Amino acid sequence: MSILTTRRTSAPQAQQAQQAQQAQPQDRATARARRGAGAPAPGAVVLWAVLVGVLVLVVAFWWRGTPPSAGASPAGALTGVGELVGLVASVLVCAQLLLVGRVPWFERAVGLDRLVAWHRVLGTAVVLLVLTHTLLMVAGTALPAQAASWWQALTLVLAEPDMTAALVGTGLFVVVGVSGARLVRRHLSYEAWFLVHLTIYAGVYLTFAHQVTAGAHFVADPTARAAWVLLYAGTAAALLTWRVVLPLLGVLRDAPRVSAVVPEAGGMTSVWVSGPALADAGPRAGQFFLVRFLARGHVVTAHPYSVSVAPDGEHLRFTVGGLGDHSRAVAHLRPGTRVLLEGPFGRFTAARARRRGVLLVAGGAGVGPVRALAEDLVARGHDVVVVHRARSRADLGLGHELADAPLTYLPVVGRRADLGYDPLGPGRLDALVPDIASRDVFVCGPPAMVATVEDSARRAGVPRSAVHHEELSLS
């Protein structure tokens with residue numbers, strides 16, 4: 001198990017490593033980094049272009065299949081628009097699921113953190129569209145029947161084939177959407193949120209049948225119905241392949257195992273994982289895996305954990321902060337426990353550093369990826385400064401490893417309420433690191449700290465393309 005202090009690089013070695021690195025062809029991640037963080041990656045452009053193209057085709061399909069007489073009456077107009085909204089919502093549901101379906105090309109092209117962010121945005125849009133579709137269809141049915149109340153109108157709608165199941169599915173969409181709202185999410189554990197989110201698959205299943213049995217554009221058009229079924233079947237196949245089948249095959253073939261569990265400062269726990277198949281994954285320092293420990297209390301959910309030591313092909317180390325029930329339970333894992341790993345994911349790597357000087361800022365559990373990234377950057381010959389933010393010296397997890405490393409280590413401790421200011425705020429961070437404007441800045445920690453460091457770095461003259469961070473949260 002290698003640690004940073006055993007990988008020190010002398011000045012001549014560092015220079016040779018840097019020259020060797022510059023002589024090597026740029027990999028895709030490096031090329032993306034050199035284009036700048038502000039420029040959209042080609043993969044992102046392709047994904048959005050495909051989605052827009054599909055939506056245009058859906059609108060054209062709706063337009064071709066909607067008779068001109070549909071707009072002759074208010075009821076027809078409401079129903080027609082409701083059908084279009086339902087078609088668009090269905091396409092976005094498939095897109096939303098594929099974004100977090102662990103499809104390798106998507107992640108390599110865009111990055112899992114950005115895919116998750118898009119997933120959230122589409123989730124809000126889907127819930128609103130599904131509700132709008134329901135209201136328009138009920139209103140369109142009520143007008144010609146002269147229903148005296150919304151309840152009577154809803155009764156008429158439920159008389160259509162598979163509509164009861166569709167209404168239940170719509171309710172599940174709303175529940176999942178509400179569970180993702182910030183106010184609600186604060187009161188839910190990750191495990192509870194994850195279990196609620198799993199019901200979205202039941203919602204998709206329940207709402208699908210009524211589209212092909214009661215949808216005006218599918219009942220009399222076998223070709224359209226077949227294309228719609230193919231859309232959903234393709235989405236389901238991708239999810240089963242990359243989220244179920246391949247991970248299970250990995251477990252059956254050669255699952256890595258927990259080799260050691262080490263308590264760290266600040267209530268953190270380092271879990272060492274070993275296995276011959278780890279070299280095939282090809283992880284880099286700063287990346288993360290979705291980790292599922294096959295032990296009681298851990299099997300249900302996978303959590304995103306960054307590697308906290310530069311991978312050597314035989315071992316991985318994850319340093320987990322004791323922030324919730326699951327992360328605290330990690331300390332009780334036993335050596336020999338099988339581990340299911342999905343990944344690696346992320347672009348928070350040394351390949352994004354374009355300058356020799358690099359500033360790394362860590363807070364909380366963010367010290368894990370920062371510590372691994374520091375090791376990799378030092379080996380590549382970069383001049384590395386690490387600013388480690390914590391409430392007290394007892395909370396400086398992995399701080400002893402960074403303090404013994406061939407880099408500049410600046411622990412910044414104290415609560416803001418006690419200090420009377422934010423030590424990472426504008427004017428404070430550049431006082432700690434006077435040459436910050438000439439460095440790449442990597443930051444990992446709580447969202448509020450990340451936002452503060454980004455603001456401070458930008459005000460200190462660091463270009464937007466030289467400020468790097470990545471969100472690991474999937475909720």
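Author: What follows is a set of questions and answers on a predicted model.

Reader: Is Phe 173 buried or exposed, judged by its relative accessible area?

Author: Phe 173 has its place in helix α8, which covers residues 163–179. Its relative accessible area is 4%, and a residue counts as buried when this value is under 20%. Phe 173 is therefore classed as buried.

Reader: Which residues does Phe 173 touch, leaving aside those up to four places away in sequence?

Author: A contact requires heavy atoms within 4.5 Å, and residues up to four places away in sequence are not counted for Phe 173.

Reader: How far apart in space are Phe 173 and Gly 123, C-alpha to C-alpha?

Author: In sequence, Phe 173 and Gly 123 are separated by 50 residues. In space, the distance between them, taken from C-alpha to C-alpha, is 9.1 Å.

Reader: Which strands are at the edges of the open sheet of three strands?

Author: The open sheet has the strand order β4-β3-β6, and its pairing is antiparallel. An edge strand pairs on one side only, and this applies to residues 303–306 and to residues 339–345, that is, to β4 and β6.

Reader: Which residue in β4 stands opposite Phe 289?

Author: Strand β3, residues 288–293, is joined to β4 by four bridges, and the two strands run antiparallel. Opposite Phe 289, the residue standing in β4 is Tyr 305.

Reader: What kind of aromatic pair do Phe 289 and Phe 318 form?

Author: The structure holds nine aromatic pairs, and in the one formed by Phe 289 and Phe 318 the ring centres are 6.0 Å apart, with 85° between the planes. The pair links distant parts of the chain, since Phe 289 is in strand β3 and Phe 318 is in strand β5, 29 residues apart. Both Phe 289 and Phe 318 are buried. Planes over 60 degrees apart count as edge-to-face, and the pair of Phe 289 and Phe 318 is edge-to-face.

Reader: Why is the pair of Phe 348 and Phe 442 edge-to-face?

Author: Phe 348 lies in the loop between β6 and β7, whereas Phe 442 belongs to strand β10, 94 residues apart. Phe 348 and Phe 442 are both buried. Their ring centres are 5.5 Å apart, and the pair is edge-to-face because the planes stand at 80°.

Conventions: Residues numbered from 1 in each chain as written. Predicted model: local features only at pLDDT ≥ 70, side-chain atom pairs only at ≥ 80, totals over all residues. Heavy atoms only, no water. Buried < 20%, exposed > 50% of the residue type's maximum accessible area, 1.4 Å probe, protein only. Pairing = 2+ DSSP bridges. Phe/Tyr/Trp six-rings, centres within 6.5 Å; stacked < 30°, edge-to-face > 60°.
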